[in-house]
Amino acid sequence: MGGAEVRGLRLGRVCGVPVVVRRGWAAVAALLTWAFEPVVDDQVPGLGAGAYAVSAAFAVLLYASVLVHELGHSLLARRLGLGVTRIEIGPLGGGSLLAQEPAGRRHEAAIAAVGPVCSLVLGALGTLAAGAAPDGGVARALALELAVANLLVGVVNLLPGLPFDGGRVLVALRSGGPGGRLRGVRSAALAGRTLALVVAGAPFAAALAGWTRLDLALVVLAAASGAWLWVSSAAAARTSELRLRVPGLRAGALLSQPLRLPGDTPVSEALRRAGGAGVAVVDGLGRPVAYASARQLRTVPELRRPWTAVGGLAAPLGPAVTATLGGRELLDTLAGSPAEAYGVTAGAVDGTAELVGVLVARDVAAALGAASQPVAYPRRAPGARLRTSRKDVV
């Protein structure tokens, strides 16, 4: 969805796709430059301070490789008729944000797989370039390191578990039949968590097998990587399951009929008559103009409730929406005008349209959060914007 907030530096368009560099990229690029300098100095002796320049060039080329990976996702998606919102390059990878979901399992699997394929092709080209370059030269050092990095990214992203591209392929393969999409997401999430446990336990398994000694630094690194993979897998599953529920959202199905009260009604009376539910405050013509949730009403101390008017607590209704509005369009509308609640009309929204009910933002959030029980959903803020489809890489 093109209206989503963009945080980062816009670099313009590459092959017609907007590219954004997210915050933190420069810091990680500087760290890569510092870490890679000893490697350059060892492979190309005598460069002196020039080794940092070569190392910085490697960092830039590495992020360029990430861009090629993401272009693979984006360009194939566009060729298959999907809109591409933008490509984001972050400190530790990148993402392609698609405007809508692929039409079928084959398209989804192809879009997910093409990124790692691009990385593997870059790795192969880097290997050929390193073999053709003279020993001890800058070109050979850069080509060799880029080859290793791209081959690693390509292989890792083919792992069959979320959040890797291979996990997206697994989702597509497991999405056949009724309820198949949810089954595919859960299978890929389980595979991702299994990979997380394997990564975290790898140093101990290697030590028990006698392949290496148990090193504290390696244990910490493996544990951190496993924790990141576990959290990322759960987050990717949450996002996927949320997107499954978006098409079924309809304002008319979620609207409520709260008790309508004048603004001068005491809070104590509102709580008594509403029976623990929220209330709609009406104007002189009986039309709802504001909404107060039961939680807001209960914030008033009990002794003050008979003397506090409900109109002083109620928040104005957001822009009215039609009962037929749904899916991403509904979420975009709510996100564009955040409010506690919105009026709902049966027909076109204009100055004479009669409100048939009230749409409470928390009810929309609850509908999104009810996707599945195995995944714990955080409470979404009223009017929060749902992310577009993202294909992440390491």
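Let's start in a loop: proline 163 sits between helix H4, residues 138-157, and helix H5. A cis peptide bond joins leucine 162 to that proline, with omega at about 10°. Before I go on, please keep in mind that what we have on screen is a predicted model.

Now follow the chain into H5. The buried ones are Asp165, Gly166, Gly167, Arg168, Val169, Leu170, Val171 and Ala172. Do have a look at that list: Asp165 and Arg168 are on it along with Val169, Leu170 and Val171.

Let me zoom out for a moment. The chain has twelve helices and twelve strands. Of its 394 residues, 44% are buried. If you take the contacts between residues at least 6 apart in sequence, 64% of them join residues at least 24 apart. The accessible surface comes to about 19,200 Å², and carbon and sulfur atoms account for 63% of that.

On to the interior. Nonpolar side chains in soluble globular proteins tend to be buried together. Here, the largest nonpolar core has 18 residues, and Leu249, Leu330, Leu359 and Val364 have the most contacts inside it. Which elements give two or more residues to this core? They are helix H8 (251-254), helix H11 (327-336), strand E10 and helix H12 (361-369). H12 gives the most, with four residues.

Leaving out residues up to four places away in sequence, leucine 249 touches Leu254, Leu325, Gly326, Gly327, Leu330, Leu331, Val364, Ala367 and Leu368. Apart from this core lies another, of 15 residues, with Leu82, Val84, Ile87 and Leu98 among them.

Serine 65 belongs to helix H2, which covers residues 50-79. Is serine 65 buried or exposed? Its relative accessibility is 10%, so it counts as buried. The side chains of serine 65 and asparagine 150 are joined by a polar contact of 3.2 Å. Beyond the neighbours within four places in sequence, serine 65 is in contact with Leu122, Leu146 and that asparagine, Asn150.

For contrast, let's turn to the surface. Val117, Val121, Leu125 and Leu128 form a nonpolar patch there, with about 380 Å² of accessible area together. One of these, leucine 125, lies in helix H3, residues 105-132.

Which residues does glutamate 354 contact, once its neighbours within four places in sequence are set aside? Those are Val344, Thr345 and Ala346. Alanine 320 is 34 residues from glutamate 354 in sequence, and their C-alpha atoms are 9.8 Å apart.

One last stop, for those of you who like backbone angles. Cysteine 15 is in the loop between strand E1 (9-14) and strand E2 (17-21). Phi of cysteine 15 is near 55°, a positive value in a residue other than glycine.

So that was the tour, from the cis bond at proline 163 to the positive phi at cysteine 15.

Terms used:
Residues are numbered from 1 along each chain as its sequence is written. This is a predicted model: local features need pLDDT of at least 70, side-chain atom pairs count only at pLDDT 80 or more; totals for chains, interfaces and linings use all residues. Side-chain values use heavy atoms; hydrogens and water are left out. Buried means under 20% relative accessible area, exposed over 50%, partly exposed in between (1.4 Å probe, protein chains only). A polar contact is a pair of N or O atoms within 3.5 Å; within protein, one must be able to donate a hydrogen and the other to accept it, and residues adjacent in sequence count only if both atoms are side-chain atoms. Contact means heavy atoms within 4.5 Å. Patches are made of residues with over 30% relative accessible area and no salt bridge: like charges are joined within 9 Å, nonpolar side chains (Val, Leu, Ile, Met, Phe, Trp, Tyr) within 5 Å. Accessible areas come from the Shrake-Rupley method with a 1.4 Å probe; for residues, only the protein chains shown count as cover. A salt bridge is a side-chain nitrogen of Lys or Arg within 4 Å of a carboxyl oxygen of Asp or Glu. A nonpolar core is a set of buried Ala, Val, Leu, Ile, Met, Phe, Trp, Tyr and Cys residues joined through side-chain atoms within 4.5 Å.
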